[in-house]
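Hi everyone, thanks for coming. Please have a look at the sequence and the model on the screen, and then I'll walk you through a few places in it.

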Amino acid sequence: MTDAKADYDVIIIGGGATGLAAALYSARAMQKTLILEKIACGGQILITDVIENYPGFPDGVTGPELAQLYEKQAVKAGAEVKYEMVESLRTDQTPKVVVTSDGQYTAKAVIIATGGEHNKLGVPGEETYAGKGVSYCATCDGNFFRNQPVAVVGGGDSAVQEALYLTQMTNKVTLIHRRDQLRASRILQERAFASPKLEFKWNTMVEEVRGNGLMESLLLKDVNTGDPSVFHVPGLFVFIGFHPNTQFLHNGSIRLDGGGHVITNIRMETNVPGIFAAGDVRAQSDRQLGSAVGDGITAALSAYHYITGE
Ligand code: NAP
């Protein structure tokens, strides 16, 4: 049990599905709860068209709709939301201090729920043509390529799911993958192979994005032969994985794994008492919406036990 005076009982860093679920449970447990979010609540589901694998929605639900419901429910329960960028976390004192772009707040317990972001290819032209042909969000930008061909790079669930989505409005989708096998789940693979609008370029890497004001083509390389080729296409959607948002923790005492994810136990406790991490930011996360919500709830319950000693 912690008796320290603090601005809040619980501060949750990140207002995605995990953070909002944690906030709901924390506020309902009568803990004074603050969510710190840098732009808009909702996180990754804000840029997800239809979610088909979240229990309770047999016909699917749109990401933005679900995000709005999560936020409404957390705020109705009493959680407060502030839009500020978190810059660091001081864990060596009680209460904990969360430093933001606008000031600082103290809390008896802190839940890190900052999720992560899509990886970039890091090839020449990618940055130049970002927003001018190169995109990381099919639901945001797919309609710019109505009845045109597009390319998708990646072979995981995201690449295949988004490629399938893009077949709805474009006239052809070419999925470029560096190996000859997809990493995506079997059900998505079956749908992808059955789609007449989806083609595959196997064993192929994107080496450069080229254009003239707008993206026009990709320089590709066959990974087996090393042969280069030019592929004319006005749009490239990049889905090659994800990295956790833990930059603000890099010089602190919270233990991270080699990929920068926060290491927790199954109670979402980090190595520092009173600091918890939940959702995609933590090591061994299943990176699913349902499990991220579950993580958030577990973290809120653990924070409650830490604060009250009950
Ligand atoms: P992921 O599973 O890590 O897949 C990343 C893909 O990008 C892999 O195919 C990888 O190739 C490729 N790749 C990585 N770096 C590359 C590079 N520099 N150049 C070219 N290709 C590169 O990532 P994800 O698809 O974003 O999915 C992340 C997690 O979210 C997964 O656990 C996934 O199951 C989950 N997810 C689930 C759903 C769903 O349930 N519907 C939807 C989206 C995501 P290799 O295969 O050769 O390594």
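Predicted model: local features only at pLDDT ≥ 70, side-chain atom pairs only at ≥ 80, totals over all residues.

Let me begin with a way of sorting residues: Ala, Val, Leu, Ile, Met, Phe, Trp, Tyr, Cys and Pro count as nonpolar, Asp, Glu, Lys and Arg as charged, and the others, Gly among them, as polar. Residues are numbered from 1 along each chain as its sequence is written, and side-chain values use heavy atoms, with hydrogens and water left out.

Now, the ligand. How do the residues of the shell around the ligand divide into nonpolar, polar and charged? There are three nonpolar, nine polar and five charged residues. Out of the 17 residues around the ligand, the ones that come nearest are D157, S158, R178, R179 and R183; a residue is near a molecule if one of its heavy atoms lies within 4 Å of it.

Some polar contacts deserve a look. A polar contact is a pair of N or O atoms within 3.5 Å; within protein, one must be able to donate a hydrogen and the other to accept it, and residues adjacent in sequence count only if both atoms are side-chain atoms. In the side chain of D157, an N or O atom is 2.5 Å from an oxygen atom of the ligand. The side chain of N53 has a polar atom 3.0 Å from a ligand oxygen, and for G155 a polar backbone atom is 3.0 Å from an oxygen of the ligand. Taken alone, the ligand exposes 910 Å², and the protein buries 76% of that. These areas come from the Shrake-Rupley method with a 1.4 Å probe; for residues, only the protein chains shown count as cover.

Next, the domains. The domain assignment gives domain 1 (8–117 + 242–308) and domain 2 (120–238), with bounds that come from an automatic or database domain assignment. Four residues from domain 1 and five residues from domain 2 take part in the contact, where contact means heavy atoms within 4.5 Å. The C-alpha centres of the two domains lie 32 Å apart. And the ligand shell draws at least three residues from each of these domains.

On to helix α4, residues 157–166. Helices (H or I, at least four residues) and strands (E, at least two) are DSSP runs, numbered from the N terminus. Buried means under 20% relative accessible area, exposed over 50%, and partly exposed in between, with a 1.4 Å probe and protein chains only. Why is α4 largely enclosed by the rest of the structure? Because seven of its 10 residues are buried. Among them are A159, V160 and E162. The cover over the buried residues of α4 includes α3 (138–141), β11 (149–153) and α5 (186–194).

Most residues other than glycine have a negative phi, and most peptide bonds are trans. Yet M268, which is not a glycine, has a positive phi of about 70°. M268 sits in the loop between β18 (242–244) and β19 (275–277), and is buried at 4% relative accessibility. R287 has a positive phi too, of about 55°; this residue is in the loop between β19 and α6 (289–308) and is partly exposed, at 37%. The peptide bond from T94 to P95 is cis, with omega near 0°, and P95 lies in the loop between β6 (86–90) and β7 (96–100).

Let me finish with two aspartates. D295 lies in helix α6 and is buried, with a relative accessible area of 7%. Not counting residues up to four places away in sequence, D295 touches M268, A278, G279 and R282, and the D295 side chain reaches the backbone nitrogen of G279 at 2.8 Å.

The other is D280, in the loop between β19 and α6 and buried at 9%. Which side chain makes a polar contact with the side chain of D280? It is the side chain of Q44, at 2.7 Å.
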